[in-house]
Every structure is written in C-alpha cells, then in structure tokens.
Amino acid sequence: GQRTAYGRTKAAGERLASKAAKVVLRPRAVYGPGDPHLLPRLRRVVKAGRAWLPGPDVRLSLTAAGNLADACLAALHWPAGAYNIADGTAYSRDAAVAAVLGVPVRHVPLPVAEALVRRGSRLLTRYALDQVTDGLVLDIAKARAQGWTPRLSLSSPEVSERP
C-alpha cells in the first residue's frame, strides 16, 4: 500500500530482512544537529517570518538521532522482527515546527497545497505533502519491551539546533 517508490523500496527491504530473520528498525523523521534533510526542508517553508504548512495541525512521531543510535546499539541483542523507533511522546506538528524554527506557523488550505502538487510544483511534492499532513504516531511498545527507552526529545539540549 505504499504510495511512493521510496516507500515501496523500504517495504521490499523489510520483507527481505524479515525472510533472513533480521531486526528492522523503523524510525520516523529523524532529526538532530547537523541534519542535512529535515531541518533544511523545514527552513524552506519560512516566508515573511512565518512557517507555512499545508492543512490543519496533526500529531506525529519524530525520532531524535540519538534515540535511533541508542536503538541501533540495543537492537544487536533483540529478536528478529520490526521495531518502531521514535521519541517517547508524539508531537503537535505545528508546535514542533514553531519550536524548532522559532517562528509562528500559518496554514495553507489543503486544496491549495494539493493543487500545487498536481501542477508539478518544485515547492511541494506528493511525498512532502503526505509527510506533513498524514498524522502518524508510531507505537514503540515492542522496542520498549526489549528494554529500550528513548532518552531525547525536541526539548533536549543535545538536539536543539536553532537556525
């Protein structure tokens, strides 16, 4: 049911790992100091001192790079299977973006954003639109059951990086 080549490739890789009885870690939206992907993309939505995001606010999981690193080390001793990895709590998309970028969030109506995607806008892709409008909260109970606990969050000094 993946909508993009990226998602289909990840799903295929997970099937291969599962057949080989390996551990699969499933982080979502990894962030942290030196991040070359998420933070630069977020900075591009800032215009006139505001972050412009499509649709209404949603709840979503994010994963501090340090939490993912801890899970990678811990997973060396976990039984085969797929484990969701994320910070200990879900975030409001708008509050998280406002906190990270230091600017207020304003909304672009979803039909306007979808029209930009249909027209092939370089500003917004279908994948990017899905990522910021589909609220996705990961259940990390399976990883917690192995003894892993996320120690970092957006408010941790170790992960804050102001523009």
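**View 1. Strand 7 and its pairing with strand 1.** Strand 7, residues 81-85, is mostly covered, with four of its five residues buried. Buried stands for under 20% relative accessible area, exposed for over 50% and partly exposed for values in between, with a 1.4 Å probe and protein chains only. Strand 1, residues 23-27, pairs with strand 7 in the parallel sense over five bridges. Two strands pair if DSSP finds at least two bridges between them. Within this pair, Val23 stands opposite Gly81 of strand 7. The structure is a predicted model, in which local features need pLDDT of at least 70 and side-chain atom pairs count only at pLDDT 80 or more, while totals for chains, interfaces and linings use all residues. Residues are numbered from 1 along each chain as its sequence is written, and side-chain values use heavy atoms, with hydrogens and water left out.

**View 2. The buried residues of helix 3.** Helix 3 spans residues 65-74, and Gly66, Asn67, Leu68 and Ala71 are buried in it. Helices (H or I, at least four residues) and strands (E, at least two) are DSSP runs, numbered from the N terminus. The cover over these buried residues includes strand 1, strand 2 (30-31), strand 6 (63-64) and strand 7.

**View 3. Helix 5 and the residue Gly120.** In helix 5, residues 110-118, the buried residues are Ala113, Ala115 and Val117. Strand 4 (50-54), strand 9 (105-108) and helix 6 (126-133) are included in what covers them. Just after helix 5, Gly120 has a positive phi of about 75 degrees.

**View 4. Ser92 in strand 8.** Ser92 belongs to strand 8, residues 91-92. Ser92 counts as buried because its relative accessibility is 18%. A polar atom of the Ser92 side chain lies 3.1 Å from the backbone nitrogen of Ala95. Not counting residues up to four places away in sequence, Ser92 touches Asp57, Val58 and Arg59. Contact means heavy atoms within 4.5 Å.

**View 5. Pro56 in the loop between strands 4 and 5.** Pro56 lies in the loop that runs between strand 4 and strand 5 (59-60). With a relative accessibility of 54%, Pro56 counts as exposed. Leaving aside neighbours within four places in sequence, Pro56 is in contact with Arg93 and His107. Pro56 and Ser153 are 97 residues apart in sequence, and their C-alpha atoms are 23 Å apart in space.

Definitions and conventions
Polar contact = N/O pair within 3.5 Å; in protein donor to acceptor, adjacent residues only side chain to side chain.
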